[in-house]
Amino acid sequence: MKRLLLLPALLLFALPALAVSPEDAQLDIACLREAYPGFILNVKNGSGGAILLETSTGETIVYDDGKAKTLKEELENADIEDSMRRPYPLEPNRPHLTPEQEPGRIRSMPLLKALYGHDKPAVLRNVTRMPLANESIQAHKRLQKALNALQAELKPLLAARPDLAKYCKSMGCQYWRVIAGTSRLSPHSFGIAIDMNPKIATYWQWSGMKRHPQQDSYPGEIVALFEKHGFIWGGKWPHYDIMHFEYRPELICKARRLRAAQQKPVLQKPLQRKPAPRKADFPAPHED
Ligand SMILES: [Zn+2]
């Protein structure tokens, strides 16, 4: 409780002109708390206007470093605020985004490492086999609850809609590697990303960056179900990755809250009609 009260005060004096607004910081941090219960123990100021998070793993990680960055710098060295700034469009929305707007392609490595493990052995100690569709995948234990809940809905969906089964085959998840053509660790390294049937779902480097028909035609039932359980879909990026679903529950939380705020009807004050004046209320007639 004390922490909650402290945050607005911290933010007010901590933020330089370029930094995140207090409202956005509070929304982001609320969603991080919701997405990863018990993970954030404290929010505090760092030097140069930074906002830091103390975590249950005993680490202090940067929420906002207070620095303006180019897209390339964000991709290479994002803080958590950079990774959450671009709003993720929930189904059924599939807007045509620009490469600058891709929600979720920018990742905070310190956050992922604190959550899932700092190196391959640390991650592998926490990876386990979990059922998904009619197969199983090797995923990080932190995803167990979300994947169980997803599976509880995916199995009946596939039973009712056999036409969707082909999308949920040859699935891959944990694989320690860098993103093709970069030196950045792939989210697959941490066991938080699932690739669904690469034979039918394609990837921008294989077919060019022009919007792919599957970005519009890929079954919304599957995408919506993954989103419901905390996964974003790579089919919404201009650097599209149709097969790729990634566990980023903080982005889904933020998307839901922003959508709810948009849909909330503006509370209109009832028109304050003045009661018709009684005769006695009329001002006394005067000469003008
Ligand atoms: Zn992938």
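Predicted model: local features only at pLDDT ≥ 70, side-chain atom pairs only at ≥ 80, totals over all residues.
**View 1. Buried residues of helix 11.** Pro249, Glu250, Leu251 and Ile252 are buried. Cys253, Lys254 and Ala255 in helix 11 are buried as well.

**View 2. Helix 11 from end to end.** Helix 11 spans residues 249–263, 15 residues in all. Its first and last C-alpha atoms lie 21 Å apart. That is close to the 21 Å expected at 1.5 Å a residue.

**View 3. Ser170 and its surroundings.** Ser170 sits in the loop between helix 7 (144–160) and strand 6 (193–195). Ser170 counts as partly exposed because it has 14 C-beta neighbours inside 10 Å. Leaving aside residues up to four places away in sequence, Ser170 touches Asn197, Pro198 and Lys199. Ile137 is 33 residues from Ser170 along the chain, and their C-alpha atoms are separated by 9.6 Å.

**View 4. The whole protein chain, for orientation.** The chain holds 11 helices and eight strands. Of its 288 residues, 33% are buried. Among contacts with a separation of 6 or more, 60% join residues 24 or more positions apart.

Definitions and conventions:
Residues numbered from 1 in each chain as written. Helix = DSSP H or I, 4+ residues; strand = E, 2+ residues; numbered from the N terminus. Expected span 1.5 Å × (residues − 1). Buried ≥ 20, exposed ≤ 12 C-beta atoms within 10 Å, placed from the backbone. Contact = placed C-beta atoms within 7 Å.
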